[in-house]
Each structure stands twice: as C-alpha cells, then as structure tokens.
Amino acid sequence: MLLPGLSRRPDWLPETAMVLCAGRGTRLAPITDNLPKPMVPVGEVPILARTLEHLKNAGVKRVVINTHYLSDYVARYVERRKDPSITVIHEDTVLETGGGVKNALPHLGDEPFFVINGDSVWLDGMRNALHRFADTWDAEKMDIQLLLYPFARVLGWHGYGDYTMDEIGRLTSRDEARVAPYAYMGVSIVHPRVFADAPDGAFSMRKLYDRAEEQARLFGALHDGLWYHISTPADLERANQRFAAGHLADVPFF
C-alpha cells in the first residue's frame, strides 16, 4: 500500500500529450528495418503500449501521435485501443521533433502539454511519475520542463550527460569539456507559446530547449523510478534482461 499522499492526483495535470513516433530508429537496426522503434517490445510489451498506459494511468485525456516510418504498424495498433483518445498525424515528410510538434499544435490546445519521445521506457517510483512531474510545473517561470535521470544510473550509456541543475531546478546544458550529472529522459512539459516564432518545416526541439535556457525558462525535475535508455540492440538486450530479472541490479551491464 502506498503511503498517504503518494498516490494523489496533482492539482494540475496536462490534459493532452504528444508522443513522437515518426523517427526511423536507425541505431537500433536491424531490429528497426521492418518495425518502427515505438513498436519494439521491451519486456514483451511494445514501447508505445507502455507509454500509452502511463498516460492513461495518469489521467491524460487526449494523445496525439505523429508517424512517418512504417506508419501502418502504429496506426493498426492505435485502432485497437479505446483509451485514451488518440489522434494520429502522418507526416509525408519527416519534420523532426520540433517540426512534428508544431505541425500538431491544432490538436494540442492552448495549455501546456506533455511531449514524450516514442522510445522512452520508464517505471514509476514511489508515485506516478507524470503526476510527480506535473506537480513541479510552474507556468509563471517555465516555458519547458524536462524530466531528468541521474547520469550515473543510466545503464550502458557512454555519453557525458545532458544538463546541470541549480537549486531551484533551472537547467544549463553540458559544457563540451565537462560531464553533466543528469540525462534527459525524453519526457517534457511544453507550453505552446514557445512555438510562436518557431521556424516552419523540420527542426529539433533542442532549438526550443536552448532558447528557453537562454531566457532562464528551461527547468528540470528528477525521476525517482527506473529509466532504460534504448538506442542500440545491446541496450535493448540489456533492458529485456533487466525486465526478465525483475530489474535486479546484478544483471550484467555488458
């Protein structure tokens, strides 16, 4: 049984979420040669199914999914789901992450919304992760908030981290000459005002993160559960071993 307060719904929660499913997932080849990355099973459950369950359990009412590569796989899966309400937008031309979200803005509304990468795999900690994340959102001082994970706990990732965070949660990108303590999980809350003068066509959400950082309006919050970074076949095998073993720490890192 959860302790009192740990299962409570936050006072405010985004009603809408965007799940990014248009990418090709080239680093996960050959697995993604014939299967879009969001439909790749992790722990015998497709990544997209896990994400949609998280959103449903959190109480998000509407989900928008963009597709491009092998889009029929995603469309057929979504047709079988009843909850939450899902809109699929097919991109004839790849718009990247930022362009994909901007293209979907008519379906996302005027309030802040979740943006979730189609390959992010996480398990809740003591409380629903999306509830915990939404509790830290402050539209007065934030334009974008990123969900972060301690870099030292990311299994098999050989990078150098993404961000440092100050005592109030404000983020600074990693300096090229340094290691940053936190990795971005691919889960964010975004206010639609950041797209007011965004470029047309294809562009990365990183462009908007950097601008929010320059304006001191990029913030972060730490995830207290587990997160699996899945980029390569080795990452996938490692995650599947961990799921099969109940996420025990003594399963080899490779």
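The questions and answers below go through a predicted model.

Visitor: What is the average pLDDT of the protein chain?
Guide: Local features need pLDDT of at least 70 and side-chain atom pairs 80 or more, while totals for chains, interfaces and linings use all residues. Residues are numbered from 1 along each chain as its sequence is written, and side-chain values use heavy atoms, without hydrogens and water. pLDDT is the predictor's confidence in each residue, from 0 to 100. In the protein chain, 93% of the residues score at least 70, and the average is 91.

Visitor: Which residue in strand 5 is the bridge partner of N66?
Guide: Strands (E, at least two residues) and helices (H or I, at least four) are DSSP runs, numbered from the N terminus, and two strands pair if DSSP finds at least two bridges between them. Strand 4 is joined by six bridges to strand 1 (residues 16-21), running parallel, and L20 stands opposite N66 there. Six bridges also join strand 4 to strand 5 (residues 85-90), again parallel. In strand 5 the partner of N66 is I89.

Visitor: How many of the six residues of strand 4 are buried?
Guide: Buried means under 20% relative accessible area, exposed over 50%, and partly exposed in between (1.4 Å probe, protein chains only). Strand 4 covers residues 62-67 and is mostly covered. The number of buried residues is five.

Visitor: Is T51 buried or exposed?
Guide: T51 lies in helix 1 (residues 47-58). Leaving aside neighbours within four places in sequence, T51 is in contact with V19, I116 and S120. Because its relative accessibility is 1%, T51 counts as buried.

Visitor: Which residue does a cis peptide bond join to A29?
Guide: Most peptide bonds are trans. Here omega is about 10 degrees.

Visitor: What is the relative accessible area of E44?
Guide: E44 sits in the loop between strand 2 and strand 3 (45-46). Its phi is near 70 degrees, a positive value in a residue other than glycine. E44 is exposed, with a relative accessible area of 77%.

Terms used: Contact = heavy atoms within 4.5 Å.
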